[in-house]
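Thanks, everyone. Please have the viewer open, and we will go through this one together.

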Number of protein chains: 2
Amino acid sequence: MKKYAIIVAGGSGLRMGSALPKQFLLIHERPVLWYTLNTFLKSFKDVQIILVLPADFYDTGRTICDEIVSQHPILTVVGGETRFLSVQKGLTLVKEQSVIFVHDAVRCLVSPSLIHHCFEEAIRFGSAIPCIESKDSVRILDGSGQRAVERTDVKLVQTPQTFLSEILLKAYQSADKSSFTDDAMVVEASNQPIHLVTGEIENIKITTPLDLAIAEKLLEPSRRAS
Amino acid sequence: MKKYAIIVAGGSGLRMGSALPKQFLLIHERPVLWYTLNTFLKSFKDVQIILVLPADFYDTGRTICDEIVSQHPILTVVGGETRFLSVQKGLTLVKEQSVIFVHDAVRCLVSPSLIHHCFEEAIRFGSAIPCIESKDSVRILDGSGQRAVERTDVKLVQTPQTFLSEILLKAYQSADKSSFTDDAMVVEASNQPIHLVTGEIENIKITTPLDLAIAEKLLEPSRRAS
């Protein structure tokens with residue numbers, strides 16, 4: 001089955017202020033995004049990557065791609081103002097019935113084995129959404145205040161969120177769902193069920209200096225060789 | 001106001017199997033627990049620490065305490081089978097009206113400023129429960145399956161959970177609530193409101209090798225000196 005990976009590397013980049021968006025920060029002399037792209041290409045030699053870039057950093061992203069040799073050269077497109085609009089733009093480049101991964105560029109610690117697992121489960125169930133449990137107790141705010149919920153009932157959602165193309169394309173064709181922060185919500189809003197799979201503790205989103213320090217540790221050349 | 005810090009260093013330790021419980025693992029040649037105890041003593045010189053230890057590792061914990069010089073020597077007690085029973089045993093050593101911190105021994109990255117903030121808020125509101133927001137999208141399992149919830153409505157609960165002694169002692173006096181995984185739930189079950197405060201991203205629970213690697217990074221001698 002054909003495979004596409006839409007790597008979402010930010011919308012306008014405005015949320016980051018004037019700083020370099022996190023996906024371009026260097027870890028052991030390579031940008032965060034470089035690790036993400038390479039892990040997908042290492043997982044499936046025949047995957048077609050569609051990289052969605054912020055307009056202000058299009059050239060930065062394109063330069064990273066041009067240094068990477070792959071069977072299908074990486075396609076790039078400028079993103080929209082929201083995650084929904086960015087994924088929607090990426091999906092315009094999907095040309096075949098396929099399995100589509102949608103992945104945050106800043107989750108550069110994803111493993112090939114999670115990518116493979118999501119692929120297999122999406123073929124079987126139509127979708128595969130990696131989640132982990134919270135280690136902390138959890139409270140939910142609701143109209144009247146807040147309440148405790150069972151920790152084991154709470155799933156923290158990661159990417160790659162993975163779908164059969166017919167399901168994802170249909171969900172993104174309908175009205176704008178810009179308020180949705182992930183693809184599972186978009187698909188669910190089109191009345192399709194969502195299949196959860198077990199994610200990875202290490203598959204963190206690089207958003208703080210602490211995260212960057214963790215990634216530096218986990219991506220030490222000695223570890224990557226093993 | 002008098003201050004007690006109940007540091008919960010595990011019940012029977014059985015969940016860890018045969019390995020050394022995480023609170024005794026070494027980071028830069030010091031046990032995780034050592035950092036936790038020292039941060040509390042650094043925060044308030046007059047705090048009375050009550051350390052709740054697993055029976056099998058009582059001597060290990062006591063040795064760590066004996067190396068630490070403090071205004072009030074650290075009190076130690078053997079814990080129970082559950083977190084609830086362990087905290088309850090710790091509370092038997094509280095002798096004065098006070099502010100009581102209940103803290104996980106494995107949260108060795110807590111900062112003095114968070115401890116101070118919890119103290120001030122507990123005096124004002126009766127309780128202070130540090131929480132952070134999830135960076136990931138969140139789904140909740142319920143009877144009929146699972147559903148997405150607004151990420152900003154989800155609070156991941158940390159420690160030190162901090163209370164005026166009259167509130168916490170009363171909550172722990174009533175029937176056994178062994179199924180509760182934190183003190184906020186116990187207090188809430190006694191019909192007292194809970195006050196949330198902003199926690200710290202770095203204030204993680206050391207439970208996995210990844211967490212230990214993070215703590216090693218954040219507790220590097222060069223950082224601690226700053």
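Let's start at a single residue. T82(B) is partly exposed, with a relative accessible area of 22%. One caution before we go on: this is a predicted model. Where does T82(B) sit? Look in the loop between strand 5, residues 75-78, and helix 3, residues 83-91, of chain B. A polar atom of the T82(B) side chain lies 3.1 Å from the backbone nitrogen of L85(B). Now look along the sequence. T82(B) and T181(B) are 99 residues apart there, yet their C-alpha atoms are 8.7 Å apart in space.

Next, a strand. Take strand 6 of chain B, residues 98-104. Is it buried or exposed? Seven of its seven residues are buried, so the strand is largely enclosed by the rest of the structure. In a regular strand, side chains alternate between the two faces of the sheet. Here is how that looks in this one. S98(B), I100(B), V102(B) and D104(B) point one way, while V99(B), F101(B) and H103(B) point the other way. Both sets are buried.

What are the neighbours of strand 6? Strand 1 of chain B, residues 2-8, is joined to strand 6 by seven bridges, and the two run parallel. Strand 11 of chain B, residues 161-164, is joined to strand 6 by four bridges, and that pair runs antiparallel. A5(B) stands opposite F101(B). In strand 11, T162(B) stands opposite F101(B) too.

P160(B) lies in the loop between strand 10 and strand 11 of chain B. The peptide bond from T159(B) to P160(B) is cis, with omega near 15 degrees. Chain A has a cis bond here as well. From T159(A) to P160(A) the peptide bond is cis, with omega near 10 degrees. P160(A) is in the loop between strand 10, residues 154-157, and strand 11, residues 161-164, of chain A.

H28(A) has a positive phi of about 45 degrees, although it is not a glycine. Find H28(A) in the loop between strand 2, residues 26-27, and strand 3, residues 30-31, of chain A. H28(A) is partly exposed, at a relative accessible area of 34%. Over in chain B, look at E29(B). Its phi is near 70 degrees, again a positive value in a residue other than glycine. E29(B) lies in the loop between strand 2 and strand 3 of chain B. At 73% relative accessibility, E29(B) counts as exposed.

One more stop in chain A. S190(A) is in the loop between helix 6, residues 183-189, and strand 12, residues 196-198. Buried is under 20%. At 17% relative accessibility, S190(A) therefore counts as buried. The S190(A) side chain reaches the backbone oxygen of V187(A) at 2.7 Å.

Now zoom out. How are the two chains related? A rotation of 180 degrees, with 0.0 Å of shift along its axis, superposes chain B on chain A, at an RMSD of 0.0 Å. That is the relation of a two-fold axis. In chain B, I214(B) has the C-alpha nearest the axis, 3.0 Å from it. The same surface serves both copies, and 100% of the contact residues of chain B recur in chain A.

On to the interface itself. There, 38 residues of chain B are in contact with 38 residues of chain A. The size of an interface is often given as the accessible area lost when the parts come together. Here the area buried is about 3600 Å², and carbon and sulfur atoms give 56% of it. In chain B, K135(B), R139(B) and L210(B) lose the most area to chain A, together 19% of what that side buries.

What about charges? The rule finds eight salt bridges across the interface. One to show is R107(A) with D136(B), whose closest N and O atoms are 2.8 Å apart. Between the chains, 22 residue pairs are in polar contact. Which element gives the largest share of the chain B side? That is helix 7 of chain B, with seven residues. That's the tour.

Terms used: Residues are numbered from 1 along each chain as its sequence is written. Chains are lettered from A and ligands numbered from 1 in the order in which they are written. This is a predicted model: local features need pLDDT of at least 70, side-chain atom pairs count only at pLDDT 80 or more; totals for chains, interfaces and linings use all residues. Side-chain values use heavy atoms; hydrogens and water are left out. Copies are superposed by least squares on the C-alpha atoms of residues with pLDDT of at least 70 in both. Contact means heavy atoms within 4.5 Å. Buried means under 20% relative accessible area, exposed over 50%, partly exposed in between (1.4 Å probe, protein chains only). Two strands pair if DSSP finds at least two bridges between them. Buried area is the accessible area (1.4 Å probe) that two parts lose on being put together, summed over both. A salt bridge is a side-chain nitrogen of Lys or Arg within 4 Å of a carboxyl oxygen of Asp or Glu. A polar contact is a pair of N or O atoms within 3.5 Å; within protein, one must be able to donate a hydrogen and the other to accept it, and residues adjacent in sequence count only if both atoms are side-chain atoms.
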